[in-house]
Protein chains: 2
Amino acid sequence: MLQAALAAGTAERRSVFEVFTRRLPEGRRYGVVAGTGRVLDAVENFRFDADVLGFLRERGIVDEPTLEWLASYRFSGDVWGYPEGEVYFPGSPILRVEGSFAECVLLETVILSILNHDSAIAAAASRMASAAGDRPLIEMGARRTHELAAVAASRAAYIGGFATTSDLAAGFRYGIPTVGTSAHAFTLLHDRERDAFQAQVDSLGRGTTLLVDTYDVAEAVRTAVEVAGTDLGAVRIDSGDLLLVAHRVRQQLDELGATRTKIVVTSDLDEYAIASLAAAPVDAYGVGTQLVTGSGHPTCSMVYKLVARAGSTDARAPLEPVAKRSRGGKTSIGGRKWAARRLDDRGAAEAEVIGTGPVPDELVDRLLLVELVKGGQVLAREPLDVVRDRHSSARAGLPLSATQLSRGEPVLPTEYL
Amino acid sequence: MLQAALAAGTAERRSVFEVFTRRLPEGRRYGVVAGTGRVLDAVENFRFDADVLGFLRERGIVDEPTLEWLASYRFSGDVWGYPEGEVYFPGSPILRVEGSFAECVLLETVILSILNHDSAIAAAASRMASAAGDRPLIEMGARRTHELAAVAASRAAYIGGFATTSDLAAGFRYGIPTVGTSAHAFTLLHDRERDAFQAQVDSLGRGTTLLVDTYDVAEAVRTAVEVAGTDLGAVRIDSGDLLLVAHRVRQQLDELGATRTKIVVTSDLDEYAIASLAAAPVDAYGVGTQLVTGSGHPTCSMVYKLVARAGSTDARAPLEPVAKRSRGGKTSIGGRKWAARRLDDRGAAEAEVIGTGPVPDELVDRLLLVELVKGGQVLAREPLDVVRDRHSSARAGLPLSATQLSRGEPVLPTEYL
């Protein structure tokens, strides 16, 4: 596309691309914008180095004028978008990229990869966080997804409401609080379970979390309290009927005087399993597979569409709306869009309003897109805690049915003006 | 675990970890080992640099003796495994890592991340390749998964039988053949569809693939042949009822004399949609979302379990089998294992045989694990085409029901000796 547009003289036409999704995953009531911060890094650092240019030349993938153009590539356009952590609905223009066709079209894949992945994880995390209420969630899914997707997943999980991660690379890269755990291998390494517990307590203190389901749970709990005393931080249960076992372990811990020792449960949890444990004496949940795979929806269906472009390369040429028009369902709405969240009389969100014309007065204060990149310069970088808090507030501003786990329609209708 | 084991004097006990899965994804008939080559790179390059050590120190995550140990970390053990591209079944020990507990336990997450991700994609790719028969499959899923998971997914798809990828980064990194396509944006950029087609043909030649569903398909096909002539390489259809549209477009192309012009279809294809198009006049399939998300199963449930370890750090201490024994379903079988694929009289595979004792004579020639790393040195690196061919042969050696798309049991039973 780039090579042909450069040759045809259309590559420099001013263009507007928008990222949106036509639908939420089936039954989901809201989406979560995540990955925006990573998109800003990717846009700023998008380059073609000598090795890559050499590959493109050697394979004959693009011609010499295109190679020259790529060698000096720097994105110099503008990006607006929903702030990271916001919620979104079908049609929400969560990112808008504006510049020459050539500089914008090259960013399609990296922008969609990041937003589709991170938003899918954050949406699952947000549902799990709702289900967990005040109990902390630990991200433990690194081993169930690509090794670097795992680091991004930790970041998205934190935005969605997780408290900590067991992925030290995510702690290193993004400053997310890290927690550890021991595996069955650690117990099996030692001659007796007691030796393993003793080694762990000696090294990490009584506040540590001991894994109690390698052999017999009741015996392990007894041994754990004998070794660590009643100040033992927590025990972890990773198998069996968690509801039943948690009740038994709580009773046993209380009888042993370890009334402040917490119970952490893990084992293929998802938002439904978390909700089903609401009445169980559980203090924290560790979630792996179902988090990093988006709890059934590992990707979003976000697309990156050209919605307007100039009819010539003249800098004064007006932008003209464009859209695919064939039959078959994949039509889009042309034109550069604004979006606002309309509130009802009590201040709760009642509609996602999207338009291409003038913004009605009553919505001017409720516009959702903010400026992120101006002339190629990233304007806004945010600490992850700000993003996490924003998500929490945005979710709280939705109608109550947003946090129902059952399948349903998007909790806000999308209205086009 | 590392810190506690170092302090307890158990970290240097010789240990054997095995990677296996307790079950295939529901209804799947075989698994595909993929990612082994990437695991070898990861094991060889696993290091803790100054920045990472500084992070671990500053956060107080591990103590000074552990930091010192990490600073000089190099894996010096042995790795055996199923050759990449082989098929596997529940219980198959697809990778075995042997060395000190400390050096092996650190590799758990990266090994599982790679194998769980890559094998999930390869399994989906293999089913799609069976469904596609002789027609080539194009990997087009980069935008639907994490930006680097996408590159690994291209590699896994190629192993599973895909012919090409649209991800240039995968071509650069792994030498996978690349193909391009144009998007609706390219058509919309131009004043008329004809101008877009002309620009593309002028730049890329008549052999290019023109996207014909931006406006009206029949009109686009007519324009495409007018612009490119009857030597036009291919047209792509990305929406609508693909079966119906492909028939119409084939008829139209033939009537226009473009009898050799091919038809490429894309649009949320999975193995079932591909199979349903078997009788349609389609020449190639482009697959995105469903490939990179494992067609419903984005991860495997592989685990990395300690199966044997010495009872002391004495180099002559014998290995003792170990296994989790609690109730709750997650039990494992202790001991270092061999695996073989038993054939029936006609040379077709009939069972996956796994044992911990002596290998029966008739299975000696059918052993599956090969030596991959010896004393920390990677022994075997393979071109991706060798791996791809191995998978094709391994799948062909299974009972015919292996390639049925319908849900069923694993096509080989697992037998334990």
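Me: Which residue stands opposite Lys374(B) in β17(B)?
Reply: Gln377(B) does. Strands are DSSP runs of E with at least two residues, helices are runs of H or I with at least four, and both are numbered from the N terminus.

Me: Is this an experimental or a predicted model?
Reply: This is a predicted model: local features need pLDDT of at least 70, side-chain atom pairs count only at pLDDT 80 or more, and totals for chains, interfaces and linings use all residues; side-chain values use heavy atoms, leaving out hydrogens and water. Residues are numbered from 1 along each chain as its sequence is written, while chains are lettered from A and ligands numbered from 1 in the order in which they are written.

Me: How confident is the predictor about chain A?
Reply: Chain A has an average pLDDT of 96, and 99% of its residues score at least 70. pLDDT is the predictor's confidence in each residue, from 0 to 100. The model has an ipTM of 0.97 and a pTM of 0.98.

Me: Back to β17(B). How many bridges join β16(B) to β17(B)?
Reply: Two, and the strands run antiparallel. Two strands pair if DSSP finds at least two bridges between them. The hairpin has two residues between its strands, and Gly375(B) takes a positive phi near 55°.

Me: What about β3 and β16 of chain B, parallel or antiparallel?
Reply: Antiparallel, over three bridges. Trp80(B) has Glu371(B) as its bridge partner in β16(B).

Me: Now chain A. What is the strand order in the open sheet of seven strands?
Reply: The order is β13-β12-β1-β5-β3-β16-β17 in chain A, with antiparallel pairing. The edge strands are β13 (319–321) and β17 (377–378) of chain A, and each pairs on one side only.

Me: Which helices pack on that sheet?
Reply: Helix α2 (residues 36–45) of chain A touches β5 (95–100), β16 and β17 of chain A. The direction of α2 makes about 20° with that of β16(A). Helix α6 (residues 108–132) of chain A touches β1 (14–21), β5 and β12 (302–310) of chain A, with its direction at about 140° to that of β12(A). Contact means heavy atoms within 4.5 Å. Axes are lines fitted to C-alpha atoms, for helices over the stretch in contact, and angles run from 0 to 180 degrees between N-to-C directions.

Me: Helix on helix next. At what angle do α3 and α4 of chain B cross?
Reply: Roughly 170°, and their axes come within 11 Å. That makes α3(B) roughly antiparallel to α4(B). Angles under 35 degrees count as roughly parallel, over 145 as roughly antiparallel, 65 to 115 as roughly perpendicular and the rest as oblique.

Me: Which residues of α3(B) make the contact?
Reply: Leu53(B), Leu56(B) and Arg57(B). From α4(B) come Glu64(B), Leu67(B), Leu70(B) and Ala71(B).

Me: How can chain B be laid on chain A?
Reply: By a turn of 180° and a shift of 0.0 Å along the axis, with an RMSD of 0.0 Å. That is the relation of a two-fold axis. Copies are superposed by least squares on the C-alpha atoms of residues with pLDDT of at least 70 in both.

Me: Which residue of chain B comes closest to the rotation axis?
Reply: Ala149(B), at 3.1 Å for its C-alpha. The same surface serves both copies: 100% of the contact residues of chain B recur in chain A.
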